[in-house]
Amino acid sequence: MLQIRDIIWGLLVIGCAAAIQVQITPNQGEISMGDSKFFLCEVVGNAKEIDWYAPSGEKIHSSGQDLSVSRTDEATAVLTIYHANIDSAGIYKCVAKNGDKEAQATVQVKIFQKITFQSAPSPQEFNEGEDADIVCDVVSSPPPTVIWKHKGSVIEAAKDVRYKIMDNGHLQIRSIKKTDEGMYTCEARVMARGEIDFKMMKVVVNVLPTIRARQPDVNATADIGSSALLACDADGFPEPTVTWTHNSIVLETGDKYSLNEDGSELVIKDVKKVDEGDYNCIAKNKAGEKSEEVSLNVFVQPKITFFNNQTASEFDEQVTLLCEAMGDPTPTISWSFGNRVFTEGEQSLDRNVVVRSHARVSSLILKNVQYIYAGEYLCIASNSIGQDNQHIYLEVRYAPKILGRVTTYTWEGNPANISCELEAHPRASVVWFRDGFQLPSPNATNMKIYSTPTISYLEITPDSQNDFGSYNCTASNEMGTESKEFLLIQAEVPSAPEIQQVETFSSTAILEFEEPDSMGGVPIIKYRVEWRLPGKEWTGNEYDAHDDMMVISIIGLKPETTYEVRMSAINGKGKGENSLASIFKTKPVREPTAPKLEGKVHNEGNSLKVTWIKQDDGGSPIKHYLVRYKAKHVSDWKPEIRLPYHSEYIVLSGLDWNTEYEVLVVAENQQGKSAPGILSLRTTVEPTAIPDAMDGGSGLGTGAIVGILIVVFFLLLVGVDVTCYFLNKCGLLMCIAVNFCGKAGPGAKSKDIEEGKAAFTKDESKEPIVEVRTEEEHTPNQEGRGPTEPNETTPLTDPDGKTVKDDNTKNENEVKNASAEVKTVPNEAPQANGNESKA
């Protein structure tokens with residue numbers, strides 16, 4: 001299809017066949033500085049010449065460095081302007097000629113400067129606190145309008161006096177801060193062309209280092225091979241480097257010094273006194289440097305260089321102990337003896353101990369020497385960095401001192417030791433006298449003397465009243481002699497204890513009493529308690545006495561019954577008087593008192609052993625115990641376990657590891673159930689499993705082990721069978737010999753004897769039963785012990801002897817339903833304690 005332009009040109013040609021016309025495309029031109037552009041000159045009509053002329057009027061030749069003219073065909077000529085500059089601006093003319101015919105057209109070329117950032121470096125760094133001039137040099141024609149942005153927001157200098165946009169477009173920030181750091185945008189706009197461009201610049205604010213010594217003064221000890229650590233903590237941006245100097249010399253890592261990675265810590269090895277002084281810690285970065293001073297104080301640890309041990313005699317006027325010490329700073333010297341400490345200028349209350357010091361020497365002066373001054377004294381030298389000590393010994397020679405208890409009690413036929421305890425130096429010899437005669441006399445077979453370095457014992461077994469009385473112990477050494485009289489006195493039986501109160505239960509009574517006013521000179525070893533029904537004979541039991549014993553319990557009483565009770569004390573001499581009788585009445589039959597529970601982790605760690613102690617049975621025998629348990633974190637209880645009345649513990653097995661369990665134990669008699677005894681106990685953490693053998697190891701495999709066990713078992717069977725054949729005439733070999741060979745085996749006896757033996761060995765009366773440890777199985781130290789009331793602190797009397805009824809079969813079936821281990825006794829075993837007595 002024909003273009004409209006072609007139609008128009010065709011009409012012009014037809015209308016003006018002989019005329020020449022020139023048209024320039026584009027008819028005007030704007031060129032950005034440095035850009036290139038071409039213009040097309042089209043001629044209508046016949047033209048032999050088509051030329052372009054520069055603004056200066058000069059004809060432009062076909063090719064040039066900045067301007068070029070080219071003919072594409074007979075009707076067009078192209079003007080190209082390369083890399084336009086200011087001189088390229090002006091009016092360009094295209095002239096077409098054909099003989100005397102001429103036509104021309106012009107085009108005005110304008111040159112403009114695009115937005116150009118000549119200098120907008122990134123990053124730009126400044127020091128905190130200085131006036132920052134953020135550079136953004138931008139040009140254009142016409143000159144651009146510059147807008148600054150920070151963090152996406154336009155900076156309005158009119159609203160913040162810290163900001164100022166300079167005439168050259170730079171942004172000035174007064175006293176720049178670390179918070180001003182970040183990305184800034186310099187945006188240029190030319191409104192006439194709607195042109196916009198921007199540059200983003202990173203502004204970095206460097207912070208002058210700050211430095212702080214962790215410890216401005218460091219103390220170190222010389223000559224012990226120790227090290228000293230000097231440390232400074234530096235902050236700033238960028239991260240400062242830290243260096244150390246001493247006496248203006250930079251310190252580096254080596255044999256003497258060691259620096260950590262960032263230089264903040266300086267270690268001085270094998271500190272000497274010459275290392276003492278000031279050390280400078282210097283932190284430096286782009287913003288500058290700061291330094292801090294650390295002082296190293298080198299001290300010398302105290303060392304005791306002289307001391308003297310001394311010997312003195314009792315009652316000497318005085319003795320002096322010396323102690324000399326060195327150190328830096330100069331150490332102070334103190335003395336100690338036992339728990340007493342003496343320092344410079346101090347003296348004891350009796351003015352017999354005085355401490356005096358001069359320079360590095362201290363003297364401990366002991367006046368009016370006594371034998372108790374003998375022993376080990378400690379000299380202690382101390383300064384600010386440590387101490388040294390040295391033991392100094394004072395030997396005091398003194399005459400014997402006789403110590404010990406003056407009176408000794410015993411009775412006829414009972415041996416007693418009179419102890420003559422000695423303190424003497426040197427060691428003393430000891431002689432015993434009675435009535436001026438040295439002991440033992442040739443006729444005295446009831447007296448012996450035993451001696452140790454500090455005690456002499458006179459052992460006397462009185463035969464009659466004549467052996468009681470005064471005995472003399474005389475000790476002698478080279479310093480003197482000491483004598484002392486000792487008395488051997490006939491012991492008496494104790495006075496009667498006093499029953500204070502009787503607390504009653506259904507079948508139990510608890511006696512609270514006060515010990516006798518007089519012990520008779522020797523300790524009480526037993527108490528005897530007797531009780532009876534009014535008007536009946538007394539029955540009772542004896543209880544071993546122990547310290548602070550104030551309560552005794554009686555069990556096996558009849559409910560709702562009146563009793564009389566009395567008690568007496570027994571010492572080595574014999575039984576004392578009875579106390580006044582107290583009357584009490586037991587309470588009616590009721591349900592038992594809650595058992596007292598104790599527990600521990602058992603064996604593997606996921607088993608618990610719960611033990612109980614029967615309290616008051618309420619006047620009716622305990623029928624059985626009911627046990628329930630559960631993990632504390634769950635709500636459901638395990639099935640109830642019923643145990644025989646004589647059970648004392650239960651083992652709960654297969655529990656969860658590291659879990660707290662709650663256990664309830666209830667005692668039941670004919671009247672009902674007791675309140676539950678409650679116990680909480682946690683199982684242990686599951687142990688880590690240890691593999692049998694590492695992969696590729698040399699251990700035997702499971703198959704090999706099983707095979708070896710089978711072979712060993714087979715060999716054992718063969719050995720047992722051969723033994724049975726030769727010894728007992730039985731077994732597989734015996735069967736073969738009789739049935740196939742017709743032989744009875746070696747040494748075989750008659751058939752009647754074999755039948756008799758078979759009848760003898762057959763025993764079906766014994767069946768395995770679950771073992772239950774009963775409360776009646778007492779150890780020797782538990783004589784008289786039995787169930788008690790809630791206070792289980794005293795020995796108890798024993799109940800009447802009873803025999804266990806044959807109801808264990810039922811109990812065994814109940815026990816098997818639980819995951820528990822219970823210890824029982826055979827059905828035939830009597831359940832009575834040998835120490836029982838009837839109420």
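This is a predicted model: local features need pLDDT of at least 70, side-chain atom pairs count only at pLDDT 80 or more; totals for chains, interfaces and linings use all residues.
Local features need pLDDT of at least 70, side-chain atom pairs count only at pLDDT 80 or more, and totals for chains, interfaces and linings use all residues. Residues are numbered from 1 along each chain as its sequence is written, and side-chain values use heavy atoms, with hydrogens and water left out.

**View 1. The disulfide pattern of the protein.** A disulfide is a pair of cysteine sulfur atoms within 2.5 Å. By this rule there are 4 disulfides. Counting bonded cysteines along the chain, the pattern is 1-2, 3-4, 5-6, 7-8.

**View 2. The disulfide of C41 and C94.** The sulfur atoms lie 1.8 Å apart. The S-S torsion is about -85°, so this disulfide is left-handed. C41 sits in strand β3 (residues 37–44) and C94 in strand β7 (residues 90–98), so the pair ties together parts 53 residues apart in sequence. Strands (E, at least two residues) are DSSP runs, numbered from the N terminus. Both C41 and C94 are buried, meaning under 20% relative accessible area (1.4 Å probe, protein chains only).

**View 3. The disulfide of C323 and C379.** Here the sulfur atoms are 1.9 Å apart. This pair links distant parts of the chain, 56 residues apart: C323 in strand β28 (residues 318–328) and C379 in strand β33 (residues 375–383). C323 and C379 are buried.

**View 4. The disulfide of C420 and C473.** The sulfur atoms are 2.1 Å apart. With -80° about the S-S bond, the link is left-handed. C420 is buried at 0% relative accessibility, and C473 is buried at 0%.

Technical notes
Helices (H or I, at least four residues) and strands (E, at least two) are DSSP runs, numbered from the N terminus. Buried means under 20% relative accessible area, exposed over 50%, partly exposed in between (1.4 Å probe, protein chains only).
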